Amino acid sequence: MTGRTVSALVSDASYAQARMYFLDELAQRTGVFTVARVLDLTGDLDPAALDAAVRGCVRRHESLRTCFRVHEGQLQQIVTDHEPGLRILDLRTLLGRDTPPDEQDLVAELARQEAAEPFDLRRVPLLRTTLIRLTDQRAVLLLTLHHIVADAWSLDLLLRELAALYRAHVTGAPDGLPELPLQYADFAAWQQRAGTSGAHDRLLAHWRERLRDLPELPLPTDRPRPEQLSYRGQELSVPLDDRLAGRLGALCREEEASLFMGLLAGFYVALHRYSGRADLTVGGTTSGRARPETQNVIGSFVNMVVLRTMVRDDHTLRDVLRATAETCHDAYDHQELPFERLVAAHGGARRANRNPLFQIVFQMIAEPDDELSVPGLGIRMREAATSVTTFDLVCTVTNRAGRLSATLDYATELWDQDTVAALGHAWQRALRDLAERPDRPLRDIALAEERPYAPDVLPDELRGDAALAELPADAVLTVRDPYGHPAPPGAVGELFRRDRPDGPARPTGVAVRSRGDGRLTAAPSQDAAPAPAPEPSDNTAPVGPMERELAALWEELLGCTGVGRHDNFFQCGGHSLLATVLITHVQERYGADVTLEAFFRQPTPAGLGEAIATASDAAGKTGAAGADELSALVDALERQGDHA
């Protein structure tokens with residue numbers, strides 16, 4: 001751990017921090033869980049004042065100078081007195097040359113590298129601020145944090161406080177920032193006390209009942225699911241019309257529902273049509289700041305809830321809205337249970353290629369409408385471009401000064417962009433019908449336009465089907481859902497044929513999936529069925545000293561006896577933090593660089609013994625060596641210019 005530590009400020013981590021630490025280890029510290037923003041600055045910038053503002057924020061918020069360790073089976077946060085200051089990359093000379101590099105491309109590459117650079121959670125700082133000087137009047141500020149110390153709410157706080165402290169430094173006026181009644185470690189301690197005192201028992205009982213027999217939601221995919229999560233993703237914008245939002249808001253007020261609930265209801269309609277299922281589950285997010293004293297504290301407070309709703313064919317769209325509202329009210333009334341405790345209580349086998357409980361997230365973020373204002377400086381904020389997603393699909397609606405916008409972040413290993421765009425279009429149509437015709441039955445709603453296909457797009461495996469024999473060259477094929485409506489691209493439907501363009505459409509009984517790119521594939525072309533639960537252990541005794549040691553460690557961590565060599569860690573009561581503790585013990589005891597991802601593939605004493613036997617003894621490099629990649633890129637460009 002770098003920096004000077006204050007040993008008195010060592011405390012247990014919060015549940016959210018434990019989850020994030022586990023996920024970061026599972027992703028092998030690849031920079032997946034960084035939060036990054038880019039601020040374009042124009043005007044008379046005072047770098048010294050900006051550096052002082054950064055240091056002032058770090059002094060105010062302990063989270064910004066915190067790192068983590070696993071000690072005696074518990075994740076701890078360690079508050080240091082390390083103050084990461086502003087780093088400056090001055091490109092003015094480089095960009096002022098006769099043949100300078102393209103400024104926009106260079107800044108984009110620097111921002112990409114900064115956002116992708118991983119953090120080591122065992123070291124401070126977990127915040128990076130980099131100022132790129134472009135000209136005397138233009139600069140770019142890169143803000144990068146790890147999600148374990150900050151959520152989206154925290155990022156807004158950080159930006160407002162940076163502006164207030166900068167303004168105070170350049171004007172000499174007071175910064176006007178309120179005193180903080182507590183620090184994040186105080187919240188974590190309160191949360192841990194609630195967990196050990198039985199305060200969560202009622203919430204656990206409620207959620208166990210809500211999630212009884214929870215099924216997976218099988219959306220058709222363009223490619224089979226990989227064996228492990230890669231987190232590779234892309235973002236797609238989905239326009240939301242202001243007039244539509246206004247009409248939808250009026251309906252929601254009539255039904256005593258929030259606009260979020262109306263938007264989610266439309267999303268449920270699209271998921272129902274794509275999956276063919278009535279029992280639909282997505283993940284939702286909450287701020288986790290129910291206690292008023294947490295409102296101005298930077299830290300990882302965000303919590304997740306399970307939003308499970310029944311959407312049946314005989315429902316009207318208004319029925320779907322009411323069911324969605326009931327689901328949301330129930331979930332948010334019981335939101336204080338940490339998601340990590342819910343996952344552990346739900347149990348079941350964990351798989352390396354799936355998140356627990358849900359694979360799709362729907363969330364709404366309210367961005368502040370007040371502009372950052374500092375003397376002599378214009379500020380424009382934008383998100384750094386990323387190519388990661390932590391779930392199969394994340395739908396994010398942003399409310400910015402009353403204007404709505406939406407994005408779909410999707411796993412590129414599962415879907416093509418055209419398919420996701422079609423899903424977004426189906427959601428838009430569902431919202432339009434919900435706002436304009438809420439009392440129409442769900443079965444009467446068409447989520448796509450009719451799309452004709454020529455016979456030559458049939459895949460080879462379908463050409464020999466008797467129902468498709470003797471197709472004329474000018475025949476027209478269409479794909480329809482179970483209600484006779486055009487199936488949205490990406491969904492599975494029945495193939496209909498018209499032997500001449502103006503002829504009647506006849507069902508063929510052949511199930512196909514229409515791809516967003518205009519192709520047809522044979523059905524089912526969807527995510528592979530969930531892996532069956534492991535068979536009950538045969539309780540075979542551990543073999544050899546290593547397996548016996550691992551079984552004993554199992555028993556110590558899980559509080560059980562008689563662990564066999566094929567017993568599954570998670571089915572025996574293990575959860576994410578305990579898995580992290582287990583792997584930490586293994587790394588220290590055997591000097592083996594065994595990853596959580598490898599453990600997930602075979603979470604048994606026998607499987608872990610094999611992973612230890614095959615693991616390299618060399619410790620994985622953390623990313624400290626790459627801390628100066630931005631400077632290296634600039635130096636290389638300058639050397640190229642010197643030799644030009």
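This is a predicted model: local features need pLDDT of at least 70, side-chain atom pairs count only at pLDDT 80 or more; totals for chains, interfaces and linings use all residues.
Start by selecting residues 152–171, helix H5: its 20 residues reach 29 Å from first C-alpha to last, close to the 28 Å expected at 1.5 Å a residue. That expected span is 1.5 Å times one less than the number of residues. Helices here are DSSP runs (H or I, at least four residues) and strands are too (E, at least two), numbered from the N terminus.

Residues are numbered from 1 along each chain as its sequence is written, and side-chain values use heavy atoms, with hydrogens and water left out.

Next, select helix H14, residues 544–558. Glu547, Leu550, Ala551, Leu553, Trp554, Leu557 and Leu558 are buried there. Buried means under 20% relative accessible area, exposed over 50%, partly exposed in between (1.4 Å probe, protein chains only). On the other side of H14, find Pro545 and Glu556, both exposed.

Now look at salt bridges (a side-chain nitrogen of Lys or Arg within 4 Å of a carboxyl oxygen of Asp or Glu). The count comes to 41. Pick Arg55 and Asp51: their closest N and O atoms are 3.0 Å apart. They sit 4 residues apart in helix H2, so about one helical turn separates them.

Then pick Asp330 and Arg210, bridged at 3.4 Å. Asp330 lies in helix H10 and Arg210 in helix H7, so the pair ties together parts 120 residues apart in sequence.

Finish at Asp222, Arg223, Asp416, Arg513 and Arg515, linked in a salt-bridge network.
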